Amino acid sequence: MAYDYAPYPYVAPPGLNGTEPRHPVVIVGAGPIGLAMAIDLAQRGIKSVVLDDNNVVSVGSRAICWAKRTLEIFDRLGVGERMLDKGVTWKVGRQFHGERQVYSFDLLPEDGHKYPAFINLQQYYVEEYLIDRAQDFPDMIDLRFKNKVTDHAGKDDHVVLTVETPDGPYTLEADWLIACDGAGSPTRERMGLDFTGQTFQEQFLIADIEMEDSPFGDQDVPERWFWFDPPFHPGKSALLHMQPDNIYRIDLQLDVGADAKTEATEEKVLPRIKAIVGNKPFKLDWMSIYKFRCIKLDQFVHGRVIFVGDSAHVVSPFGARGGNGGIQDVDNLGWKLAAVLNGQAHTALIDTYHDERSHGSAENILNSARATNFMTPKTPVEALFRAEALRLAHNQPFAQKLLNSGRLSVPCSLEGFDLQTPGTAAQIAPGRAAVDAPLSGPRGDTWLIAEVQGAFTLVGFGDVMLPEVRGVNRIGINQRADYPCFTATHNHAMRRYGAEMAYLFRPDGHVCAVFKSPTIADVEAAMSRAMGQIPEDSQ
Amino acid sequence: MTIYPDRLSPNQDDVYNALMAAHEGLSEDASHALNARLVLLMANQIGDPAILIELMQTAQSYADG
């Protein structure tokens, strides 16, 4: 059944009738990134105002592939399980050349994780669930629909915004402005920031179709199917995904010179879909023609204006690195901004958001640009290499790995960045995101990600005693102590982290230090380093 | 069988990308010549005639018709 777009109510904001006190945070854009940002901050006790020019969730399914790491972050934000319940879980991708399958990959071949490699869930559901969750914090999150920011001016220690509403304009002041206003970010445009990069000439058609039967043929299993040169769309590429509510996503590469207006008509699109699904009945739910770019801002933080998500970086969709990259931005920024606003850290901690996430987005751009290049050869020689790689891929494992239809989003590693304490060799190096594992504890079964995310947490695996340090939670795994202790179910946690080791997790679930026998001083030093106080002798 | 199943991963994308970059901006003739030089350099690097002949035969076996 097609999604029912219920508009959210517009409420006249107080600023229309008098000056509002300066807000700590104003977020522009109530898409997945802006909403997640507001929830993250609210959970840390930081109030925000979220402004959106619209009053409905995403029109069209748009971002549909949500990666394991994103779901783990959503879990921390209190919406992971709802997304998982509704979403279509998948982990296998198959690549076809013509009619033949040449390679398949399993993105999560092991057990013992709360969340799967991926779920597919339409962006409108993701936004709906995030809005519902935001409404759990009526005193913290002030969600204002039909509030369009028309101007802003950055000052030394705040930002002044002009906002247009159905009742006229008003002004707002914020200590920090977070621009989550998407790829076309009006905030970025207004500031005249350079946003140029690689633009791909190829056009793609994306269409959502609703059908009872599965287009995945007899094997009615949700997977990611990608074709190079399929019989139903010769010489081009095609991608198929399943979404909830019997909706399927089809992505078709079009000619470079195709006319977008003509292509986006039922007359042109229906025969293309029939060529894929045959005579099975279907209904066209949504379609769009797009070109894509791989670009990022040079600097994500400009004074008191911070760019998060697509406003800071855009990628081609192959690899699901857009929305998933944006959620990792939120995860990285939330605890840092809260620490600064609560007076626990210097403003310089915000600059590490740029350092760490600029690195993450560069990685996403590299991977998505390479996938797009592979999919759309630019010269006869590129086409020749690809054709021969495909030919060899029928039975040469190395060539199968060369086929690149998108290297799917994996958690970004922050190894080597300033906030992490280098040193002790460990299975999970400082900088990497928590690797999940099932645990059993005083309150029953739980997961590692549920215990280590949200606040600085020191975790002892096996025979290692944890000192008490102010501002750091402690938990033990396979040990007895006077702090909460858990058993590593099926020993997964011990295998993944190693015995007799202590790991310090940042509030975003990234490891920032590892110890063999931590002392109070060790942990305090690692903690203050993670809060942006880098020891001088290491610089 | 002396041919390795896969010695490129996990760096396969770096290698493939470097190869494409090496060809960027070249005419077809120049690309052809670059490929020939590459094959000769790689042959020297591998060195073993038996392996090289097996590689040639394997490559030939995939040809059309």
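Visitor: What is the distance that separates the centres of domain 1 and domain 2 of chain A?

Guide: In this predicted model, the centres of domain 1 of chain A and domain 2 of chain A, taken over C-alpha atoms, are separated by 29 Å. Domain 1 is made of the stretches 14-88, 120-194 and 296-368, and domain 2 of 438-538; these bounds come from an automatic or database domain assignment.

Visitor: How do you know that domain 1 of chain A is in contact with domain 2 of chain A, and how many residues take part?

Guide: Two residues count as being in contact if their C-beta atoms, placed from the backbone, lie within 7 Å. By that test, 13 residues of domain 1 of chain A are in contact with ten residues of domain 2 of chain A. On the domain 1 side, α2, α8 and α9 of chain A each supply at least two residues, and α8(A) gives the most, with four residues. That side divides into five nonpolar, four polar and four charged residues.

Visitor: What makes α1(A) and α8(A) roughly parallel or roughly antiparallel?

Guide: The axes of helix α1 (residues 32-43) and helix α8 (residues 323-341), both of chain A, come within 9 Å and cross at roughly 30 degrees. Angles under 35 degrees count as roughly parallel, and therefore α1(A) is described as roughly parallel to α8(A). The crossing of these two helices is right-handed.

Visitor: Which residues of α1(A) and α8(A) meet?

Guide: From α1(A) come Pro32(A), Ile33(A), Ala36(A), Met37(A), Asp40(A) and Leu41(A), and they meet Gly323(A), Gly326(A), Ile327(A), Val330(A), Gly334(A), Leu337(A) and Ala338(A) of α8(A). By class, the residues of this contact are nine nonpolar, three polar and one charged, with Gly counted among the polar residues.

Visitor: Why are β12 and β21 of chain A said to stand at the edges?

Guide: The open sheet to which they belong has three strands in the order β12-β18-β21 (chain A), with antiparallel pairing. Strands β12 (198-199) and β21 (313-314) of chain A each have a single partner strand, so one side of each is left without a neighbour in the sheet.

Visitor: How do you know that β18(A) and β21(A) pair?

Guide: At least two bridges between two strands are needed for them to count as paired. Strand β18 (residues 293-296) of chain A and β21(A) are joined over two bridges, in the antiparallel sense, and Ile295(A) stands opposite Val314(A) in β21(A). Helix α9(A) packs on this sheet, touching β12, β18 and β21 of chain A, and its direction makes about 165 degrees with that of β18(A).

Visitor: What is the order of the strands in the open sheet that contains β7(A)?

Guide: The order is β3-β7-β4 (chain A), and the pairing of these three strands is antiparallel. β3 (65-67) and β4 (88-90) of chain A are the edge strands, each with a single partner, so one side of each lacks a neighbour in the sheet. From one strand to the next, the twist averages 30 degrees. Three bridges join β4(A) to β7 (residues 118-120) of chain A, and Val88(A) has Asn120(A) in β7(A) as its bridge partner.

Visitor: At what angle to β3(A) does helix α2(A) run?

Guide: Helix α2 (residues 68-76) of chain A lies across β3 and β7 of chain A and runs at about 75 degrees to β3(A).

Visitor: What makes Arg62(A) worth a remark, given its phi?

Guide: Most residues other than glycine have a negative phi, and most peptide bonds are trans. Arg62(A) is not a glycine, although its phi is positive, at about 40 degrees; its place is in the loop between β2 (48-51) and β3 of chain A. In chain B, a cis peptide bond joins Ser9(B) and Pro10(B), with omega of about 10 degrees, and Pro10(B) is found in the segment before α1 (12-23) of chain B.

Visitor: How many residues does each chain bring to the contact between chain A and chain B?

Guide: The contact takes 14 residues from chain A and 15 residues from chain B. On the side of chain A, the largest share, six residues, comes from α10(A).

Conventions. Residues are numbered from 1 along each chain as its sequence is written. Chains are lettered from A and ligands numbered from 1 in the order in which they are written. This is a predicted model: local features need pLDDT of at least 70, side-chain atom pairs count only at pLDDT 80 or more; totals for chains, interfaces and linings use all residues. Axes are lines fitted to C-alpha atoms, for helices over the stretch in contact, and angles run from 0 to 180 degrees between N-to-C directions. Angles under 35 degrees count as roughly parallel, over 145 as roughly antiparallel, 65 to 115 as roughly perpendicular and the rest as oblique. A crossing is left-handed if the near helix is turned anticlockwise from the far one by less than a right angle, and right-handed if clockwise.
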